[in-house]
Structures are given as structure tokens and as C-alpha cells.
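Here is a short briefing to read alongside the model. Take a look at the fold, and then let's walk through a helix, a sheet and some aromatic contacts.

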Amino acid sequence: MTTLDDIRQTFFQECEELLEVLDDGLEALRGCLDKEQAIDVEVINSVFRSVHSIKGGAAAFGLDDLVKFAHQFETALDELRALRVTLDIDVLEVCLRAADQLVKLVSASRDGSVVAVDSVAHIVSKLSLVKSAKADQKDSFVSIDECSLAYAPVPLSFEPTPIGQRTCFESLQYEVNFMPFPKLFENGHEPLYILRELNTLGQIEVSVDSSSVPNIEGLDGCDCKLNWKVIITTDQPESALWDVFDFVTGLCHLSIVNLSSVSISPAAPEAISCHFESGANGTIASETPNSFRSTPIYEGDGPPIDRAAKSVPTPAKATVRVDLDHVDRLINVVGELVINQAVLTQCISAADIPMTTALSSSLDEFMALARELQEGVMAIRAQSVKPLFQRMARITREAADIAGKNVRFVTEGEATEVDKTVIESLVDPLTHIIRNAVDHGLETVVDRVAAGKPDFGVVTLRAAHRSGRVLIDISDNGSGINRPRVLKIAKDKGLIPHDAILSDSEIDKLLFVPGFSTASVVTNLSGRGVGMDVVRASIQKLGGRINIISEPGIGTTMSISLPLTLAVLDGMVVDVGGQTMVIPISTIVETIRPGAKDLHRLADGVNVLAVRGEFIPVIDLGQVFKFRASERDCVDLVYILVEGDHKKMWALAVDSIHDQRQVVIKGLESNYGHISGVAAATILGDGKVALIVDAEEAVKRIDTVRPLPGHSHLMDV
């Protein structure tokens with residue numbers, strides 16, 4: 001049975017979707033301003049509808065603070081969509097800050113916390129400025145506690161008014177007939193707020209037909225049985241009236257008739273009379289003379305003039321919300337199925353059973369079905385990083401306000417899909433990095449202008465899939481890492497010996513040492529030496545790594561590399577010094593058996609492989625993991641060319657290649673701990689455990705490996 005708590009939870013889930021639409025719309029408007037393009041009014045309408053929907057749902061649950069702020073925000077947006085206020089960068093910034101505040105109020109309403117009154121009042125004062133001279137009239141908003149059936153300036157009368165008795169009106173006058181179905185109330189809508197919204201569009205006269213309301217004995221609290229008729233005089237187009245009912249489509253009987261387009265004689269009111277009868281299905285049928293019906297009546301539909309110009313919209317895809325624990329359980333079962341398939345294949349091979357056509361075909365079909373099932377289940381867990389990026393945009397604006405800097409936020413690759421649990425775990429690390437980029441990376445406006453840069457800094461957040469992993473880069477176009485200052489602070493704080501001589505890469509790694517901070521004073525952004533060490537720990541817990549790329553005067557990039565999935569992957573099973581290991585297929589470029597002329601040893605002991613005019617460093621996995629006591633002849637080994645996160649190349653030397661198969665990823669961090677050079681483990685068909693190789697980290701296990709020029713620009717942490 002659905003409870004009020006379930007409905008409340010659904011409301012907040014829908015709020016997340018509406019806030020995403022709100023952010024998309026505001027960013028689209030920013031793009032129009034940046035490119036000096038015409039403003040799309042429909043984008044403003046979508047932004048308005050998002051805020052309007054949040055306000056309506058919040059009112060149903062008595063969330064007064066959220067309703068009041070959303071109403072102020074909605075009023076400002078209404079000025080924009082009515083073209084009474086011109087959208088410029090200043091107005092857009094106010095809307096962006098208001099959207100940030102709306103997010104905080106939604107979160108506070110969900111968690112039962114309180115948002116600082118000062119911050120709300122500050123944004124409300126800015127929103128009040130987004131009004132034209134036309135909008136200087138008194139706000140007609142009434143709080144939840146003051147809700148009544150009174151309507152200013154025309155009171156709502158619940159005495160039935162004879163339908164059809166009206167006189168001649170001025171131009172742009174409409175008759176709205178509105179009768180809610182029971183489902184409208186089940187979805188948390190309130191007719192009173194809908195009628196109030198109509199009142200903001202012009203002057204209205206409201207009457208109600210209560211003739212269908214039964215006696216008290218037969219009264220159903222969920223079935224209203226009231227039919228409202230509203231005569232509205234407005235300068236708004238008819239589409240604005242339909243917009244008011246946009247979110248109750250299909251939940252009511254609705255008709256809007258344009259009275260202005262009909263020439264009516266005051267002496268003949270009967271020519272415009274309407275007669276309503278209850279149909280068999282409980283709906284209201286209307287009988288109106290054809291000469292008067294200038295606009296056909298639609299039940300829960302939009303204005304016909306819009307639909308004539310547009311094709312039928314594609315219906316939204318149906319979705320279902322499932323507890324993440326259920327999905328995790330299903331993923332684990334799929335993993336066991338993949339292992340079972342490998343065991344079955346191994347048993348058949350060990351028993352020397354002839355692979356007849358039927359048996360071979362059945363095994364292949366079993367493998368294909370297991371793969372399709374695995375991919376389908378993983379797709380359920382996949383989620384685009386777009387909501388995460390939108391959250392980071394709000395954090396960037398907050399940090400810029402605190403630091404007093406002019407910052408632009410740019411995103412790339414918002415459609416990149418990542419495991420949902422990974423996205424949730426990235427919130428804190430990205431928050432720390434972005435705050436540091438704004439506070440430490442970007443210069444002040446004065447310093448940027450003095451350096452010949454634009455007065456605003458840019459923070460770029462991008463995501464992409466590469467080599468079977470997810471790469472997330474956070475870049476700023478600031479001054480870069482001041483390495484002499486970093487080194488001096490580290491020595492002064494006793495983090496390293498005073499006589500230590502460090503390379504640029506080692507100096508950059510000091511940023512991740514616990515307690516290190518370059519801030520001279522403690523602020524709301526930084527200065528306590530907590531943050532970047534937490535970032536590294538969080539990323540490593542996810543099986544990822546973080547790298548730093550920095551150029552003085554140009555900027556800094558923090559690059560996070562994470563596993564694409566946490567369940568199943570395609571791997572190449574290899575033999576390394578008598579041990580079975582797995583190399584992810586997604587990282588492999590090709591396999592090579594070179595001749596002696598293709599292998600070369602450099603002066604520092606590094607072996608390289610010549611491939612089509614390029615020299616690729618050789619990484620002997622047997623030596624890296626100490627599986628061999630002595631070095632084997634390079635010619636006898638098989639070389640697997642792999643590509644790293646930032647298109648670095650290595651040739652992994654193995655003894656032999658067994659086959660290619662799907663393997664189930666089993667994390668080591670929770671049961672054993674992190675092992676350098678090992679991404680995870682898996683269970684093979686014979687029950688043995690095999691390690692999954694992480695090529696990037698395998699390079700760091702041996703001191704003798706020195707990447708060739710062109711491979712050393714990336715400083716790994």
C-alpha cells in the first residue's frame with residue numbers, strides 16, 4: 001500500500017529531474033548570450049515550468065519555505081517569459097544563484113534541515129529586482145497558513161452561477177471550464193493553486209457548478225465533482241492559459257474558448273449559451289452552437305493551434321524506480337553465472353569430451369546469453385555524469401562568490417555513462433578539487449589582467465571513456481603550481497627533510513600529503529590542510545588513480561582514472577612465469593611476436609620495442625611481479641601492446657597467451673588491500689584466482705623502468 005512517505009519520496013525524486021531540466025535551461029540561455037543568439041522563449045518556458053512544478057508539489061506537502069522561495073523565483077521568470085524584462089548576463093546570474101538556492105531548499109526539505117535565512121533573503125532581494133515597471137504591483141502570493149477560498153481581486157464563489165449568462169467582453173477574453181478527475185488529487189495537485197495561477201495572467205471572474213456534488217452520505221473525498229468556470233480578461237496569448245494546466249494533462253476535463261473572436265450582441269445572450277451534461281463515464285459533455293465554438297474543446301490537451309504546426313510528440317519512455325540493493329544482488333548472480341559458464345567449459349575440456357556440433361553450438365549460445373544478460377544488467381546501473389556535473393557547477397559558483405573571483409564553468413562529455421555507485425563516490429573528491437582550483441589555481445581579476453589574460457577564469461570538467469576506463473579531468477587556466485613555494489612550505493612544515501632535492505613530479509605529489517596546504521589563512525574554502533589527501537584515498541578506494549599535469553602560467557589539470565564497471569570485463573588470460581594473469585581487452589591494441597632486430601636495450605637498461613617507427617618501452621610482467629628470478633630471452637616472449645589513460649603505450653611481455661574470456665571482477669581492497677600493478681582479481685573456471693593487471697601501476701613497481709621522452713609529462717600519484 002502506498003503511504004504518504006512513499007509519495008513524498010517520489011516528489012523529491014521528481015524534484016531531482018526538474019532541477020536537472022532547470023539547470024539545462026539556464027545553461028542553454030547562457031549559451032545564447034555567449035553566442036549572441038536570439039533567446040528561445042520555449043527554453044524560458046521550460047525553466048518556468050520546472051520551478052512551477054516544484055512549487056506545486058511542495059505546496060501539497062506543506063513545505064512553506066520552499067513554496068515561498070519558488071514563488072519568488074517563478075515570479076521573476078514570469079517577467080522574462082512575458083518579455084517584460086530583457087534577459088542579460090546579470091539577470092541570468094541572478095537566476096543561476098536562485099537555482100542554487102532552490103536546490104538547497106529542496107535538499108533541506110527532504111532531510112529536515114534548515115537553510116540559513118540570510119542566504120535566502122539575499123537571493124530573494126535580487127529576484128525582486130528582476131521586475132519591470134509593469135510588475136511593481138503588490139505580490140498576490142498567499143502563504144500556506146493563509147490559504148482560503150478567497151481570491152483577490154475577485155472572490156471565489158461556490159454558489160452555482162447559471163451557466164451561459166454572460167455579457168459582451170473586451171478583446172482577449174477567454175472562458176475556461178475546468179473539472180478535475182480523482183486522479184488529479186491522487187497526484188498531489190490542488191485546484192486552488194491552479195486558479196490562483198490563472199489570476200496572475202489577468203482579471204478573472206470565477207464561478208463553480210456544484211450540481212453534481214452528491215449528498216453527504218455519498219460524498220467521496222477523492223472525487224471533487226465540482227466544475228469551475230473562469231472568465232479571464234488578459235493580454236496573454238491562449239497558449240499561456242494552456243501552460244497553467246500543463247502538469248494536469250489527462251487528469252481533468254479542460255476546455256478553453258476564445259470569446260474575443262466571436263461577435264456577440266448583448267441583446268441575444270442565448271446565442272452563446274452552453275449546456276453541460278454528465279456523460280456515462282462521468283465526464284462532461286458540452287453542447288455549444290457551431291457558430292460560437294471558435295476553438296474546439298480538448299479534454300486534457302493543449303491548444304489546437306500549436307498542435308496543427310507540430311508533429312505528434314514522441315511519448316516519454318516509461319521508467320521504474322528500483323532499490324539499488326536489488327540491482328546489486330542481480331549483478332552478483334550474473335557474475336556467478338559467468339563463472340559457472342567458465343567452469344562448465346573447463347570441465348568439458350578436462351574430460352576430453354568431443355566438441356560435437358550440437359554441444360559446441362549450445363556452449364556458444366550459453367556464452368552469448370550470459371554476455372547479453374551481463375550487459376543488460378550493467379546498463380541498469382549505468383548513469384550519465386550530467387547530474388554530477390550540474391552539481392559541480394553550483395559548487396563552482398559558490399566557491400567563486402566566496403573567493404571573490406570571476407569564474408566560468410565549462411563541461412564536456414556530460415553523456416558519459418558511469419556506474420551509479422561510482423558517481424555517488426565522486427561527489428566529495430570533485431568538490432575538493434574544484435574548490436582548490438578556484439581558490440588556489442585561478443588568479444584574481446587584477447592579477448589575470450596584469451598577466452594579459454581575460455578577467456574571468458575558466459574551470460573545465462570533462463569526462464570520457466578511454467582504454468576501458470573512465471577519465472575525468474578538472475582543468476583551470478590559472479597560474480599553475482608554484483613548485484618553489486610548494487617545496488618551501490613542505491620543508492617548513494617538516495613534511496620532507498630540509499636537504500631533500502625533488503623532481504617536479506615529486507613536488508606535485510606533495511599536494512596529496514596529509515596536512516599540506518598553501519593557504520596562508522584559514523577560509524571557508526581551504527587552509528586547514530584537509531582535502532587533497534582525502535581525494536587520493538577516495539579515488540584509490542574506487543580502484544582508480546589521480547594524476548597531475550601543470551604548467552606555470554598556463555594552468556593545472558587533475559586527471560582521475562576509474563574502472564568503467566565494477567562487475568564483469570573481457571580479458572586476455574596469459575601466463576607469466578608460471579602464474580595466470582588477466583589483461584583487460586579494452587586496453588590492448590595488438591599482440592606482437594617480434595624478431596631480434598625489433599628489440600633494443602637502452603643505456604639505462606630499459607628494453608624498447610620498435611613498432612612501425614616508434615619505440616615502445618617493454619614491461620616484463622614476470623620481472624615486475626617477481627614471478628621469475630632471472631630475465632628470459634626477450635625473443636622468446638609474447639608482447640601485448642597496451643594503451644594507458646592518456647594514450648601512453650607500453651609493450652607487456654608475457655610467456656604465453658591462453659585465450660580470451662569474460663571474467664568477474666573481485667575487488668581486493670575490502671578483503672586484502674591495494675596491490676600496486678593489480679586492478680582486481682578474478683576466479684577462473686578451474687577455481688583458481690588470477691590477478692587482473694593494471695598496466696599504468698605495473699610500470700611503477702620497478703625502478704629500472706624509465707619511460708621514453710613523450711611519456712614523462714604525466715606525473716602519477
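A residue is called buried under 20% relative accessible area, exposed over 50% and partly exposed in between, using a 1.4 Å probe and protein chains only. Phe-178, with a relative accessible area of 1%, is therefore buried. This is a predicted model, in which local features need pLDDT of at least 70 and side-chain atom pairs count only at pLDDT 80 or more, while totals for chains, interfaces and linings use all residues. Residues are numbered from 1 along each chain as its sequence is written, and side-chain values use heavy atoms, leaving out hydrogens and water.

**Helix H2**

- Helices (H or I, at least four residues) and strands (E, at least two) are DSSP runs, numbered from the N terminus.
- Helix H2 covers residues 41-60, and its 20 residues should span 28 Å at 1.5 Å a residue, the expected span being 1.5 Å times one less than the number of residues.
- The end C-alpha atoms of H2 are 29 Å apart, which agrees.
- Because 16 of its 20 residues are buried, H2 is largely enclosed by the rest of the structure.
- After H2 comes Gly-62, with a positive phi near 70°.

**The four-stranded sheet**

- Four strands form an open sheet in the order E2-E3-E1-E4, with antiparallel pairing; two strands pair if DSSP finds at least two bridges between them.
- Strand E2 (202-209) and strand E4 (252-258) are the edge strands, each pairing on one side only.
- Strand E1 (residues 173-180) and strand E3 (residues 227-234) are joined in the antiparallel sense by six bridges.
- Val-176 has Val-230 in E3 as its bridge partner.

**Aromatic contacts**

- Rings of Phe, Tyr and Trp (its six-membered ring) pair if their centres lie within 6.5 Å; planes under 30 degrees apart count as stacked, over 60 as edge-to-face and the rest as tilted.
- Five aromatic pairs turn up in a search of the whole structure.
- One of them is the stacked pair of Phe-178 and Trp-228, at 6.0 Å centre to centre with 20° between the planes.
- This pair links distant parts of the chain, with Phe-178 in strand E1 and Trp-228 in strand E3, 50 residues apart.
- Phe-178 and Trp-228 are both buried.
- Phe-178 also pairs with Phe-245: the ring centres are 5.3 Å apart and the planes lie at 55°, so this pair is tilted.
- Phe-245 lies in the loop between helix H8 (238-244) and E4, 67 residues from Phe-178.
- At 2% relative accessibility, Phe-245 counts as buried too.
- Phe-11, Phe-12 and Phe-61 make up one aromatic cluster.
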